[in-house]
Amino acid sequence: MATVEITAENFKDTIEKDGITILDFWAEWCGPCKRFGPIFERASDQHPEVTFGKVDTEANQELSAALQIQSIPTIMFFRDGVLLERVSGLIGEGEIKDLIGKAEALDMDAVRKQIAEAQAQQQA
C-alpha cells in the first residue's frame, strides 16, 4: 500500500480506524528524513494491511506542535486509535516489522482497560 498524506483534517479519522497506522513526521530539509523515506515506502509495500501515513511538519505545524514533535523523523504507531509507540530518529525496516508484530499481538481490550485504570488513578 502506498503511503497517504496526513493533515490536521484527516489525522483523527486515519488513526481511529481499525487496525495499525504508522505515521512518519518529516520535513523536506531534514537529511535523516530523506534517508528514512525509502525505508518507510518499502515497509508500506511489505505490509499492505497497515496504513502508512506521512505528516509534513512544515505544512502541519499546529498538528506537529499538538503532538509534541520535537525531532524528526518521529514515527508514531497507533492501533485502533491508541498510541502504542513513539520513536524519534532513523529506524530500519527490521524495527518497523518488529513493532508491527508487537502491535498485532496486543490484546487491545486489555490495553484500553490499562489506559482507563491509569486515567482513573490520575484523577483520584
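This is a predicted model: local features need pLDDT of at least 70, side-chain atom pairs count only at pLDDT 80 or more; totals for chains, interfaces and linings use all residues.
1. Which residues of α4 are buried? They are Ile-96, Leu-99, Ile-100 and Ala-103. Viewed down the axis of α4, the buried residues fall within an arc of 105 degrees, so they line one face of the helix. An α-helix has 3.6 residues a turn, so residues three or four places apart point the same way. On the other side of α4, Lys-97, Lys-102 and Ala-105 are exposed.

2. What covers the buried residues of α4? The cover includes β2 (20-26), α2, β3, β4 and β5 (82-88). Two of these elements, α2 and β3, return in point 5.

3. Next, the aromatic rings. The count comes to 3 aromatic pairs. In one of them, the ring centres of Phe-11 and Phe-78 are 6.2 Å apart and the planes stand at 80 degrees, so the pair is edge-to-face. This pair links distant parts of the chain: Phe-11 belongs to helix α1 (residues 11-16) and Phe-78 to strand β4 (residues 74-79), 67 residues apart. Phe-11 has a relative accessible area of 11% and is therefore buried. Phe-78 also counts as buried, at 4%.

4. Phe-40 and Phe-52 form another edge-to-face pair, because their planes are at 75 degrees, with the centres 5.1 Å apart. Phe-40 lies in helix α2 (residues 31-46) and Phe-52 in strand β3, so the pair ties together parts 12 residues apart in sequence. Phe-40 is buried, at 0% relative accessible area. Phe-52 is buried too, with 0% relative accessibility. Ring pairs join Phe-36, Phe-40 and Phe-52 into a cluster.

5. Lys-54 deserves a look. Its place is in strand β3 (residues 51-56). Is Lys-54 buried or exposed? Buried means under 20% relative accessible area; Lys-54 has 17%, so this lysine is buried. Its side chain makes a polar contact of 2.6 Å with the side chain of Asp-24.

6. The surroundings of Lys-54 can be listed. Leaving aside neighbours within four places in sequence, Lys-54 is in contact with Thr-3, Val-4, Glu-5, Ile-6, Asp-24, Trp-26, Gly-37, Phe-40 and Glu-41. Phe-40, among these contacts, is also a member of the ring cluster.

Technical notes:
Residues are numbered from 1 along each chain as its sequence is written. Side-chain values use heavy atoms; hydrogens and water are left out. Helices (H or I, at least four residues) and strands (E, at least two) are DSSP runs, numbered from the N terminus. Buried means under 20% relative accessible area, exposed over 50%, partly exposed in between (1.4 Å probe, protein chains only). A polar contact is a pair of N or O atoms within 3.5 Å; within protein, one must be able to donate a hydrogen and the other to accept it, and residues adjacent in sequence count only if both atoms are side-chain atoms. Contact means heavy atoms within 4.5 Å. Rings of Phe, Tyr and Trp (its six-membered ring) pair if their centres lie within 6.5 Å; planes under 30 degrees apart count as stacked, over 60 as edge-to-face and the rest as tilted. The arc is that of the directions from the helix axis to the C-beta atoms.
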